[in-house]
Amino acid sequence: DQKQTRLKIWHRNLHHPGALVTGETMQIVSLLFITSCAAQDLFLAAERSGASTADLVRASTQTQSGRLAGSSSREIAEKINAYIKNSGVQTKACDEHSLKELNELVISMWPLFSAELEQVYKGNADSRAKRFATLAEYQRSWADELESDAATLRHAKCHEVVMMWAHHISEAGKKSWQGQSLPSLPVYDEKKASNKAYARSTSCQTGHAMATGGGSSTHKWPDWPEELHYKAKAHGAYPFWWGGGSDEGTADMEVWWSEKQGAEKFSHSSCTGQSPWLNGPCVHLMLAAGASPPTPSPTPPSPPSPPSPGSCTSCRKDRRVGCAWAPPGRPCMDCMAQIPHADCKVPDCVDETQRVCAGPAATLLATSKPRAYLYTKDESKCCISEPGGYFAETLAPSQGTFWNTFKDMGERAFNGVHYKGKVKYYLLSGVNEPVTDFWYFTSLDGKPVQQGEGGKGPTDQGYPTSIGHTIWHDYDQSTFNSSAIDPSVFAIPAACKTTSLRCAFP
(Lines give C-alpha, C1' and ligand atoms only; values in the text may rest on other atoms or scores of the structure.)
Protein backbone atom coordinates (compact mmCIF):
# COMPACT_ATOMS: atom_id res chain seq x y z
CA ASP A 1 0.00 0.00 0.00
CA GLN A 2 0.98 3.70 -0.05
CA LYS A 3 2.54 3.62 3.41
CA GLN A 4 4.64 0.58 2.58
CA THR A 5 5.80 2.35 -0.56
CA ARG A 6 6.88 5.34 1.55
CA LEU A 7 8.94 3.14 3.84
CA LYS A 8 10.52 1.28 0.92
CA ILE A 9 11.57 4.64 -0.51
CA TRP A 10 12.94 5.72 2.88
CA HIS A 11 14.93 2.50 3.19
CA ARG A 12 16.21 2.98 -0.35
CA ASN A 13 17.36 6.53 0.42
CA LEU A 14 19.01 5.52 3.69
CA HIS A 15 21.08 2.69 2.25
CA HIS A 16 21.10 3.20 -1.51
CA PRO A 17 19.78 6.67 -2.37
CA GLY A 18 20.82 6.35 -5.99
CA ALA A 19 18.16 3.67 -6.46
CA LEU A 20 15.36 4.11 -8.97
CA VAL A 21 11.96 2.61 -8.24
CA THR A 22 9.65 2.38 -11.23
CA GLY A 23 6.52 0.26 -10.88
CA GLU A 24 7.61 -3.16 -9.62
CA THR A 25 11.25 -2.67 -10.55
CA MET A 26 13.85 -1.60 -8.00
CA GLN A 27 17.41 -0.80 -9.01
CA ILE A 28 19.51 -0.37 -5.88
CA VAL A 29 22.85 1.29 -5.36
CA SER A 30 24.32 1.00 -1.86
CA LEU A 31 26.52 2.99 0.45
CA LEU A 32 30.13 3.81 -0.14
CA PHE A 33 32.00 2.99 3.05
CA ILE A 34 35.38 4.39 4.01
CA THR A 35 38.31 1.95 4.32
CA SER A 36 40.05 1.44 7.68
CA CYS A 37 43.49 -0.08 8.30
CA ALA A 38 45.78 -1.26 11.15
CA ALA A 39 44.69 -1.48 14.81
CA GLN A 40 45.34 1.41 17.20
CA ASP A 41 44.62 2.01 20.85
CA LEU A 42 41.17 3.58 21.39
CA PHE A 43 42.55 6.26 23.70
CA LEU A 44 45.00 7.44 21.05
CA ALA A 45 42.21 7.53 18.49
CA ALA A 46 40.47 10.33 20.37
CA GLU A 47 43.39 12.52 19.36
CA ARG A 48 42.97 11.47 15.74
CA SER A 49 39.38 12.54 15.17
CA GLY A 50 40.66 15.29 12.86
CA ALA A 51 39.93 14.61 9.20
CA SER A 52 42.57 14.41 6.49
CA THR A 53 42.25 16.06 3.09
CA ALA A 54 41.21 12.67 1.66
CA ASP A 55 38.51 12.35 4.35
CA LEU A 56 37.17 15.81 3.52
CA VAL A 57 37.11 15.15 -0.22
CA ARG A 58 35.27 11.88 0.41
CA ALA A 59 32.75 13.65 2.65
CA SER A 60 32.17 16.32 0.00
CA THR A 61 31.49 13.73 -2.70
CA GLN A 62 27.76 13.25 -3.16
CA THR A 63 27.88 10.47 -5.72
CA GLN A 64 28.65 6.80 -5.18
CA SER A 65 30.96 4.36 -6.86
CA GLY A 66 28.44 1.50 -6.79
CA ARG A 67 31.04 -1.07 -5.75
CA LEU A 68 28.71 -2.36 -3.04
CA ALA A 69 25.71 -2.50 -5.34
CA GLY A 70 23.14 -5.30 -5.23
CA SER A 71 19.90 -6.30 -6.80
CA SER A 72 18.05 -6.78 -3.49
CA SER A 73 18.06 -5.45 0.05
CA ARG A 74 19.42 -8.79 1.30
CA GLU A 75 22.32 -8.78 -1.15
CA ILE A 76 23.24 -5.22 -0.20
CA ALA A 77 23.16 -5.98 3.54
CA GLU A 78 25.34 -9.06 3.01
CA LYS A 79 27.91 -7.10 1.01
CA ILE A 80 28.08 -4.27 3.52
CA ASN A 81 28.41 -6.62 6.49
CA ALA A 82 31.20 -8.50 4.69
CA TYR A 83 32.94 -5.19 4.02
CA ILE A 84 32.77 -4.22 7.70
CA LYS A 85 34.39 -7.53 8.69
CA ASN A 86 37.07 -7.15 6.04
CA SER A 87 37.89 -3.76 7.57
CA GLY A 88 38.95 -5.49 10.79
CA VAL A 89 35.73 -4.78 12.69
CA GLN A 90 33.74 -7.57 14.30
CA THR A 91 29.99 -7.75 13.80
CA LYS A 92 27.23 -9.00 16.05
CA ALA A 93 23.69 -9.57 14.81
CA CYS A 94 21.57 -6.46 15.20
CA ASP A 95 18.81 -8.38 16.96
CA GLU A 96 21.28 -9.62 19.61
CA HIS A 97 21.79 -6.06 20.82
CA SER A 98 19.68 -4.39 23.46
CA LEU A 99 18.66 -0.78 22.89
CA LYS A 100 20.97 0.17 25.76
CA GLU A 101 23.94 -1.57 24.09
CA LEU A 102 23.32 0.30 20.84
CA ASN A 103 23.13 3.61 22.71
CA GLU A 104 26.40 2.75 24.48
CA LEU A 105 28.07 2.16 21.11
CA VAL A 106 27.25 5.74 20.13
CA ILE A 107 28.76 6.94 23.43
CA SER A 108 31.91 4.88 22.79
CA MET A 109 32.35 6.23 19.27
CA TRP A 110 31.59 9.84 20.15
CA PRO A 111 35.23 10.86 20.94
CA LEU A 112 36.19 9.63 17.47
CA PHE A 113 33.65 11.74 15.59
CA SER A 114 35.23 14.40 13.37
CA ALA A 115 33.96 17.97 13.66
CA GLU A 116 35.45 18.69 10.23
CA LEU A 117 33.39 15.95 8.57
CA GLU A 118 30.24 17.17 10.31
CA GLN A 119 30.96 20.68 9.07
CA VAL A 120 31.14 19.45 5.48
CA TYR A 121 27.83 17.58 5.81
CA LYS A 122 26.10 20.56 7.39
CA GLY A 123 27.52 22.97 4.82
CA ASN A 124 26.28 20.82 1.95
CA ALA A 125 22.88 20.16 3.56
CA ASP A 126 23.89 16.50 3.35
CA SER A 127 21.74 14.20 5.49
CA ARG A 128 24.79 12.22 6.53
CA ALA A 129 24.93 14.96 9.20
CA LYS A 130 24.14 13.71 12.69
CA ARG A 131 20.62 14.15 14.03
CA PHE A 132 21.92 16.12 17.01
CA ALA A 133 25.02 18.22 17.62
CA THR A 134 25.79 16.99 21.13
CA LEU A 135 25.85 13.67 22.95
CA ALA A 136 23.58 15.15 25.62
CA GLU A 137 20.88 15.72 22.99
CA TYR A 138 21.12 12.09 21.89
CA GLN A 139 20.84 10.95 25.50
CA ARG A 140 17.75 13.07 26.04
CA SER A 141 16.18 11.60 22.90
CA TRP A 142 16.91 8.07 24.16
CA ALA A 143 15.14 8.87 27.42
CA ASP A 144 12.02 9.77 25.44
CA GLU A 145 11.98 6.62 23.31
CA LEU A 146 9.14 4.17 23.66
CA GLU A 147 10.08 0.50 23.91
CA SER A 148 6.63 -0.71 22.86
CA ASP A 149 8.08 -1.35 19.41
CA ALA A 150 11.62 -2.31 20.41
CA ALA A 151 12.27 -4.47 17.33
CA THR A 152 11.68 -1.61 14.88
CA LEU A 153 13.58 0.85 17.07
CA ARG A 154 16.49 -1.59 17.36
CA HIS A 155 16.79 -1.86 13.58
CA ALA A 156 16.67 1.93 13.19
CA LYS A 157 19.47 2.25 15.75
CA CYS A 158 21.60 -0.37 14.00
CA HIS A 159 21.31 1.58 10.75
CA GLU A 160 22.33 4.79 12.52
CA VAL A 161 25.31 3.25 14.33
CA VAL A 162 26.71 1.82 11.09
CA MET A 163 26.18 5.17 9.34
CA MET A 164 28.07 7.00 12.12
CA TRP A 165 31.00 4.57 11.91
CA ALA A 166 31.12 4.90 8.12
CA HIS A 167 30.79 8.65 7.76
CA HIS A 168 31.70 10.44 11.01
CA ILE A 169 35.02 8.80 11.92
CA SER A 170 38.14 9.79 10.01
CA GLU A 171 40.37 7.18 8.39
CA ALA A 172 42.90 7.62 11.20
CA GLY A 173 40.17 7.26 13.80
CA LYS A 174 38.81 4.12 12.16
CA LYS A 175 42.12 2.36 12.71
CA SER A 176 41.47 2.38 16.43
CA TRP A 177 38.11 0.69 15.99
CA GLN A 178 39.62 -2.47 14.51
CA GLY A 179 38.97 -5.35 16.87
CA GLN A 180 35.90 -3.59 18.25
CA SER A 181 32.33 -4.59 17.35
CA LEU A 182 29.47 -3.10 15.37
CA PRO A 183 25.93 -4.36 14.83
CA SER A 184 25.38 -6.06 11.50
CA LEU A 185 23.24 -4.12 9.07
CA PRO A 186 19.75 -5.67 9.18
CA VAL A 187 17.92 -6.56 6.00
CA TYR A 188 14.96 -4.32 5.27
CA ASP A 189 11.83 -5.90 6.76
CA GLU A 190 8.64 -5.06 4.87
CA LYS A 191 6.54 -6.22 7.83
CA LYS A 192 7.70 -3.11 9.68
CA ALA A 193 6.62 -0.83 6.86
CA SER A 194 3.13 -0.16 8.23
CA ASN A 195 4.35 0.46 11.77
CA LYS A 196 3.78 4.06 12.88
CA ALA A 197 6.90 4.09 15.06
CA TYR A 198 8.88 3.29 11.94
CA ALA A 199 7.08 6.08 10.09
CA ARG A 200 7.94 8.50 12.90
CA SER A 201 11.60 7.60 12.61
CA THR A 202 11.52 8.69 8.94
CA SER A 203 9.71 11.99 9.60
CA CYS A 204 10.28 14.26 6.59
CA GLN A 205 10.26 11.25 4.32
CA THR A 206 6.72 10.48 5.46
CA GLY A 207 5.49 13.85 4.28
CA HIS A 208 7.77 14.30 1.26
CA ALA A 209 7.79 11.09 -0.71
CA MET A 210 5.02 11.37 -3.28
CA ALA A 211 5.12 9.11 -6.28
CA THR A 212 2.96 9.91 -9.27
CA GLY A 213 -0.30 8.04 -9.35
CA GLY A 214 -3.07 7.43 -6.86
CA GLY A 215 -1.60 4.72 -4.65
CA SER A 216 -4.07 3.74 -1.94
CA SER A 217 -5.82 7.11 -1.72
CA THR A 218 -9.62 7.15 -1.87
CA HIS A 219 -9.49 10.77 -3.14
CA LYS A 220 -12.29 11.51 -0.68
CA TRP A 221 -11.69 13.67 2.39
CA PRO A 222 -9.74 13.26 4.64
CA ASP A 223 -7.67 11.75 1.77
CA TRP A 224 -6.92 14.57 -0.63
CA PRO A 225 -8.45 14.76 -4.13
CA GLU A 226 -6.27 13.94 -7.10
CA GLU A 227 -5.49 17.63 -7.61
CA LEU A 228 -6.10 20.71 -5.46
CA HIS A 229 -5.59 24.45 -5.91
CA TYR A 230 -6.09 26.61 -2.81
CA LYS A 231 -5.06 29.74 -0.91
CA ALA A 232 -3.91 30.02 2.69
CA LYS A 233 -2.55 32.41 5.31
CA ALA A 234 1.03 31.50 6.25
CA HIS A 235 2.55 32.14 9.68
CA GLY A 236 6.29 32.22 10.39
CA ALA A 237 9.62 32.20 8.60
CA TYR A 238 9.86 31.28 4.92
CA PRO A 239 11.86 29.59 3.54
CA PHE A 240 12.24 28.28 7.09
CA TRP A 241 15.28 26.11 6.22
CA TRP A 242 17.27 28.86 4.46
CA GLY A 243 17.07 32.15 6.33
CA GLY A 244 13.33 32.77 6.45
CA GLY A 245 13.15 35.81 8.71
CA SER A 246 11.01 36.01 11.83
CA ASP A 247 8.62 33.32 13.06
CA GLU A 248 6.19 36.12 13.96
CA GLY A 249 5.32 37.27 10.43
CA THR A 250 2.38 36.35 8.24
CA ALA A 251 2.04 36.14 4.46
CA ASP A 252 -0.35 35.13 1.74
CA MET A 253 0.19 31.77 0.11
CA GLU A 254 -1.23 30.08 -3.00
CA VAL A 255 -0.65 26.37 -3.64
CA TRP A 256 -1.11 24.00 -6.56
CA TRP A 257 -0.91 20.32 -5.54
CA SER A 258 -1.21 17.40 -7.95
CA GLU A 259 -0.91 13.73 -7.13
CA LYS A 260 -1.71 12.98 -10.76
CA GLN A 261 1.27 15.01 -12.02
CA GLY A 262 3.53 14.39 -9.02
CA ALA A 263 4.04 18.08 -8.33
CA GLU A 264 3.45 20.82 -5.76
CA LYS A 265 4.01 24.55 -6.11
CA PHE A 266 3.96 27.11 -3.26
CA SER A 267 3.70 30.80 -4.13
CA HIS A 268 4.61 32.79 -1.01
CA SER A 269 4.15 36.57 -0.79
CA SER A 270 7.07 37.22 1.60
CA CYS A 271 10.40 35.37 1.57
CA THR A 272 13.78 36.10 3.14
CA GLY A 273 16.77 33.95 2.18
CA GLN A 274 20.43 33.66 3.10
CA SER A 275 21.33 35.45 -0.14
CA PRO A 276 20.21 39.05 -0.76
CA TRP A 277 18.48 38.16 -4.04
CA LEU A 278 15.71 36.40 -2.09
CA ASN A 279 13.83 39.21 -0.40
CA GLY A 280 10.22 39.37 -1.52
CA PRO A 281 7.70 37.03 -3.19
CA CYS A 282 9.06 33.59 -4.02
CA VAL A 283 7.96 30.20 -5.32
CA HIS A 284 8.92 26.70 -4.17
CA LEU A 285 8.41 23.99 -6.79
CA MET A 286 8.71 20.30 -5.89
CA LEU A 287 8.50 17.46 -8.39
CA ALA A 288 8.18 13.79 -7.48
CA ALA A 289 10.27 11.05 -9.06
CA GLY A 290 8.89 10.38 -12.52
CA ALA A 291 7.23 13.78 -12.93
CA SER A 292 7.71 15.31 -16.39
CA PRO A 293 6.78 19.01 -16.38
CA PRO A 294 6.54 20.85 -19.70
CA THR A 295 9.46 22.92 -20.95
CA PRO A 296 8.72 26.65 -21.26
CA SER A 297 9.67 28.47 -24.43
CA PRO A 298 13.23 29.74 -24.12
CA THR A 299 13.84 33.46 -23.76
CA PRO A 300 16.34 34.85 -26.30
CA PRO A 301 19.59 35.45 -24.41
CA SER A 302 20.87 38.96 -23.88
CA PRO A 303 24.37 39.73 -25.14
CA PRO A 304 26.88 39.36 -22.29
CA SER A 305 28.28 42.52 -20.76
CA PRO A 306 32.05 42.80 -20.38
CA PRO A 307 33.20 42.28 -16.78
CA SER A 308 34.01 45.41 -14.83
CA PRO A 309 35.52 46.08 -11.40
CA GLY A 310 32.98 45.36 -8.66
CA SER A 311 31.27 42.56 -10.63
CA CYS A 312 32.96 39.65 -8.83
CA THR A 313 35.34 38.90 -11.69
CA SER A 314 38.09 37.23 -9.61
CA CYS A 315 35.99 34.68 -7.68
CA ARG A 316 36.63 31.75 -9.97
CA LYS A 317 40.39 32.41 -10.18
CA ASP A 318 40.60 32.96 -6.40
CA ARG A 319 38.87 29.62 -5.85
CA ARG A 320 41.28 27.89 -8.24
CA VAL A 321 44.43 29.51 -6.85
CA GLY A 322 43.81 30.22 -3.18
CA CYS A 323 41.27 27.54 -2.20
CA ALA A 324 42.05 24.66 -4.53
CA TRP A 325 42.59 22.43 -1.48
CA ALA A 326 39.13 23.08 -0.04
CA PRO A 327 36.30 20.63 -0.83
CA PRO A 328 33.09 22.08 -2.30
CA GLY A 329 30.51 23.55 0.04
CA ARG A 330 31.20 25.07 3.45
CA PRO A 331 34.99 24.37 3.55
CA CYS A 332 35.38 26.27 0.27
CA MET A 333 33.16 29.13 1.51
CA ASP A 334 35.20 29.37 4.73
CA CYS A 335 38.44 29.45 2.75
CA MET A 336 37.14 32.12 0.37
CA ALA A 337 36.19 34.29 3.35
CA GLN A 338 39.79 34.28 4.60
CA ILE A 339 41.92 34.82 1.48
CA PRO A 340 42.54 38.18 -0.25
CA HIS A 341 40.53 38.99 -3.38
CA ALA A 342 41.02 41.32 -6.31
CA ASP A 343 37.29 41.52 -7.04
CA CYS A 344 35.28 39.03 -4.98
CA LYS A 345 34.24 40.68 -1.76
CA VAL A 346 31.62 39.40 0.67
CA PRO A 347 28.73 40.13 0.98
CA ASP A 348 28.44 41.67 -2.51
CA CYS A 349 29.81 38.54 -4.17
CA VAL A 350 28.21 35.87 -1.96
CA ASP A 351 26.17 34.44 -4.86
CA GLU A 352 29.20 34.12 -7.12
CA THR A 353 31.22 32.63 -4.24
CA GLN A 354 28.50 30.05 -3.69
CA ARG A 355 28.54 29.28 -7.39
CA VAL A 356 32.30 28.66 -7.61
CA CYS A 357 32.24 26.67 -4.36
CA ALA A 358 29.34 24.46 -5.42
CA GLY A 359 31.43 21.95 -7.36
CA PRO A 360 29.97 20.24 -10.44
CA ALA A 361 26.54 21.67 -11.14
CA ALA A 362 23.56 19.47 -10.57
CA THR A 363 21.21 21.81 -12.34
CA LEU A 364 18.64 19.50 -13.87
CA LEU A 365 18.41 16.02 -12.46
CA ALA A 366 16.91 13.15 -14.38
CA THR A 367 13.17 12.78 -14.09
CA SER A 368 13.77 9.48 -12.27
CA LYS A 369 14.76 11.54 -9.21
CA PRO A 370 12.80 14.12 -7.22
CA ARG A 371 13.60 17.75 -7.91
CA ALA A 372 12.95 20.92 -5.95
CA TYR A 373 13.65 24.57 -6.74
CA LEU A 374 13.22 27.84 -4.85
CA TYR A 375 13.02 30.93 -7.05
CA THR A 376 11.88 34.55 -7.16
CA LYS A 377 8.33 35.12 -8.36
CA ASP A 378 9.62 36.88 -11.50
CA GLU A 379 11.70 33.71 -12.20
CA SER A 380 14.93 35.71 -12.56
CA LYS A 381 16.89 33.91 -9.80
CA CYS A 382 16.73 30.29 -8.65
CA CYS A 383 18.47 27.84 -6.32
CA ILE A 384 18.27 24.05 -5.97
CA SER A 385 16.50 23.01 -2.76
CA GLU A 386 16.50 19.23 -3.29
CA PRO A 387 18.89 17.64 -0.75
CA GLY A 388 21.91 15.70 -2.00
CA GLY A 389 24.15 13.02 -0.58
CA TYR A 390 24.29 9.36 0.30
CA PHE A 391 21.56 9.55 2.93
CA ALA A 392 19.54 12.39 1.45
CA GLU A 393 15.87 12.33 2.29
CA THR A 394 13.56 12.91 -0.63
CA LEU A 395 12.03 16.37 -0.90
CA ALA A 396 8.93 15.85 -2.99
CA PRO A 397 5.25 16.82 -2.73
CA SER A 398 3.39 15.48 0.28
CA GLN A 399 1.16 12.48 -0.24
CA GLY A 400 -2.60 12.83 -0.16
CA THR A 401 -2.79 10.26 2.66
CA PHE A 402 -0.10 11.83 4.89
CA TRP A 403 -2.62 12.52 7.66
CA ASN A 404 -2.97 8.77 8.21
CA THR A 405 0.53 8.55 9.72
CA PHE A 406 -0.45 11.02 12.46
CA LYS A 407 -2.11 10.09 15.76
CA ASP A 408 -5.81 10.96 16.03
CA MET A 409 -6.04 13.20 19.11
CA GLY A 410 -9.80 13.61 18.98
CA GLU A 411 -11.85 16.76 18.61
CA ARG A 412 -10.84 20.27 19.69
CA ALA A 413 -12.26 23.78 19.60
CA PHE A 414 -10.48 25.91 17.00
CA ASN A 415 -10.31 29.67 16.39
CA GLY A 416 -8.24 30.36 13.26
CA VAL A 417 -7.99 32.87 10.45
CA HIS A 418 -10.39 31.15 8.05
CA TYR A 419 -12.17 28.62 10.27
CA LYS A 420 -13.80 28.69 13.70
CA GLY A 421 -15.49 25.73 15.33
CA LYS A 422 -14.94 22.06 16.08
CA VAL A 423 -12.01 20.33 14.40
CA LYS A 424 -10.30 16.96 14.34
CA TYR A 425 -6.75 17.15 15.70
CA TYR A 426 -3.90 14.96 14.38
CA LEU A 427 -0.37 14.94 15.82
CA LEU A 428 2.92 13.37 14.75
CA SER A 429 5.24 13.70 17.73
CA GLY A 430 8.60 12.41 18.95
CA VAL A 431 10.16 12.38 15.48
CA ASN A 432 13.89 11.61 15.43
CA GLU A 433 14.80 14.67 13.35
CA PRO A 434 15.68 18.36 13.92
CA VAL A 435 11.92 19.05 13.87
CA THR A 436 10.20 16.66 16.27
CA ASP A 437 6.51 17.64 16.11
CA PHE A 438 3.99 18.13 13.29
CA TRP A 439 0.26 18.87 13.55
CA TYR A 440 -2.79 18.87 11.29
CA PHE A 441 -6.37 20.05 11.89
CA THR A 442 -9.37 19.22 9.71
CA SER A 443 -13.01 20.20 9.84
CA LEU A 444 -15.34 17.42 10.96
CA ASP A 445 -15.93 16.50 7.30
CA GLY A 446 -12.18 15.86 6.85
CA LYS A 447 -11.18 18.98 4.90
CA PRO A 448 -7.89 20.69 5.87
CA VAL A 449 -8.08 23.58 8.33
CA GLN A 450 -4.48 24.08 9.47
CA GLN A 451 -1.12 22.35 9.18
CA GLY A 452 2.15 23.15 10.95
CA GLU A 453 5.37 22.02 12.58
CA GLY A 454 7.76 22.90 15.40
CA GLY A 455 5.14 22.47 18.14
CA LYS A 456 1.94 20.74 19.14
CA GLY A 457 -0.26 23.36 17.49
CA PRO A 458 -0.48 27.12 16.80
CA THR A 459 1.06 29.29 19.51
CA ASP A 460 -1.70 31.90 19.17
CA GLN A 461 -4.13 29.29 20.50
CA GLY A 462 -1.97 28.27 23.46
CA TYR A 463 -0.20 25.19 22.08
CA PRO A 464 3.41 24.64 23.20
CA THR A 465 6.40 24.93 20.89
CA SER A 466 9.13 22.30 20.55
CA ILE A 467 12.27 22.14 18.36
CA GLY A 468 12.74 24.11 15.13
CA HIS A 469 10.82 26.99 13.58
CA THR A 470 7.18 27.00 14.69
CA ILE A 471 5.34 27.62 11.44
CA TRP A 472 1.90 26.84 10.05
CA HIS A 473 -0.65 27.83 7.46
CA ASP A 474 -4.42 28.24 7.68
CA TYR A 475 -6.28 26.79 4.70
CA ASP A 476 -9.02 28.90 3.15
CA GLN A 477 -11.60 26.22 2.35
CA SER A 478 -13.64 28.66 0.26
CA THR A 479 -10.83 28.63 -2.33
CA PHE A 480 -10.58 24.83 -2.68
CA ASN A 481 -10.67 23.86 -6.35
CA SER A 482 -10.15 20.22 -7.32
CA SER A 483 -10.46 20.82 -11.08
CA ALA A 484 -7.65 19.66 -13.36
CA ILE A 485 -4.50 21.78 -13.13
CA ASP A 486 -2.83 22.81 -16.39
CA PRO A 487 0.61 21.15 -16.60
CA SER A 488 2.21 24.50 -17.48
CA VAL A 489 1.72 25.51 -13.84
CA PHE A 490 4.55 23.14 -12.91
CA ALA A 491 6.98 24.15 -15.67
CA ILE A 492 10.56 24.53 -14.47
CA PRO A 493 11.76 28.14 -15.02
CA ALA A 494 14.74 28.70 -17.31
CA ALA A 495 16.79 30.14 -14.43
CA CYS A 496 16.40 26.86 -12.51
CA LYS A 497 17.74 24.83 -15.42
CA THR A 498 21.06 26.66 -15.45
CA THR A 499 21.59 27.48 -11.76
CA SER A 500 24.30 25.91 -9.63
CA LEU A 501 23.25 27.77 -6.48
CA ARG A 502 22.08 25.49 -3.68
CA CYS A 503 19.61 26.26 -0.91
CA ALA A 504 19.08 22.64 0.02
CA PHE A 505 16.42 21.48 2.41
CA PRO A 506 17.95 19.71 5.42
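Here is a friendly set of questions and answers about this predicted model.

Me: Let's start with the open sheet of 11 strands: which are its edge strands?
Reply: Good place to begin! The strand order is β10-β9-β8-β7-β6-β5-β15-β14-β13-β12-β11, with antiparallel pairing. An edge strand pairs on one side only, and here that applies to β10 (382–384) and β11 (407–415).

Me: What is the average twist from one strand to the next?
Reply: Strands of a sheet pair through backbone hydrogen bonds, either parallel or antiparallel. In this open sheet the pairing is antiparallel. From one strand to the next, the twist averages 25°.

Me: How many bridges join strand β14 to β15?
Reply: In the sheet order, β15 sits between β5 and β14. On the β5 side (residues 227–235), six bridges join it to β15 (residues 471–481), with H229 standing opposite N481. On the other side, Q450 stands opposite D474 in β15. Strand β14 (residues 448–453) runs antiparallel to β15, and the bridges joining them number four.

Me: Now the disulfides: what is the handedness of the one between C94 and C158?
Reply: A search of the whole structure finds six disulfides. One of them joins C94 to C158, with an S to S distance of 2.0 Å. The torsion about this S-S bond is about 100°, so the disulfide is right-handed.

Me: How many residues apart in sequence are the parts that C94 and C158 tie together?
Reply: C94 lies in the loop between β3 (90–92) and α5 (99–109). C158 is in helix α8 (residues 150–167). The pair therefore ties together parts whose separation in sequence is 64 residues.

Me: Are α5 and α8 roughly parallel or roughly antiparallel?
Reply: Their axes come within 9 Å and cross at roughly 15°. The crossing is left-handed. Angles under 35 degrees count as roughly parallel. Therefore α5 and α8 are, relative to each other, roughly parallel.

Me: How many residues in the contact of α5 with α8 are nonpolar?
Reply: On the α5 side, the contact includes L99, L102 and M109. The α8 side includes A150, L153 and C158, the cysteine that also joins C94 in a disulfide. Sorting the contact residues gives one polar and two charged, while the number of nonpolar ones is 11.

Me: What about α5 and α7: are they roughly parallel or roughly antiparallel?
Reply: N103, V106 and I107 in α5 meet L135, Q139 and W142 in α7. Helix α7 (residues 135–143) packs against α5 at an angle of about 175°, with the axes 11 Å apart. Angles over 145 degrees count as roughly antiparallel. That makes the arrangement of α5 and α7 roughly antiparallel.

Me: Last one: how many charged residues are in the contact of α12 with α14?
Reply: The axes of helix α12 (residues 315–322) and helix α14 (residues 350–357) come within 9 Å and cross at roughly 45°. That makes α12 oblique to α14. The contact is made by C315, R316 and R319 of α12 with E352, T353, V356 and C357 of α14. These divide into three nonpolar and one polar, and the charged residues number three.

Key. Residues numbered from 1 in each chain as written. Predicted model: local features only at pLDDT ≥ 70, side-chain atom pairs only at ≥ 80, totals over all residues. Heavy atoms only, no water. Pairing = 2+ DSSP bridges. Helix = DSSP H or I, 4+ residues; strand = E, 2+ residues; numbered from the N terminus. Axes fitted to C-alpha atoms, helices over the stretch in contact; angles between N-to-C directions. Parallel < 35°, antiparallel > 145°, perpendicular 65-115°, else oblique. Contact = heavy atoms within 4.5 Å. Nonpolar A, V, L, I, M, F, W, Y, C, P; charged D, E, K, R; others polar. Disulfide = S-S within 2.5 Å. Left-handed = near helix turned anticlockwise from the far one by under 90°.
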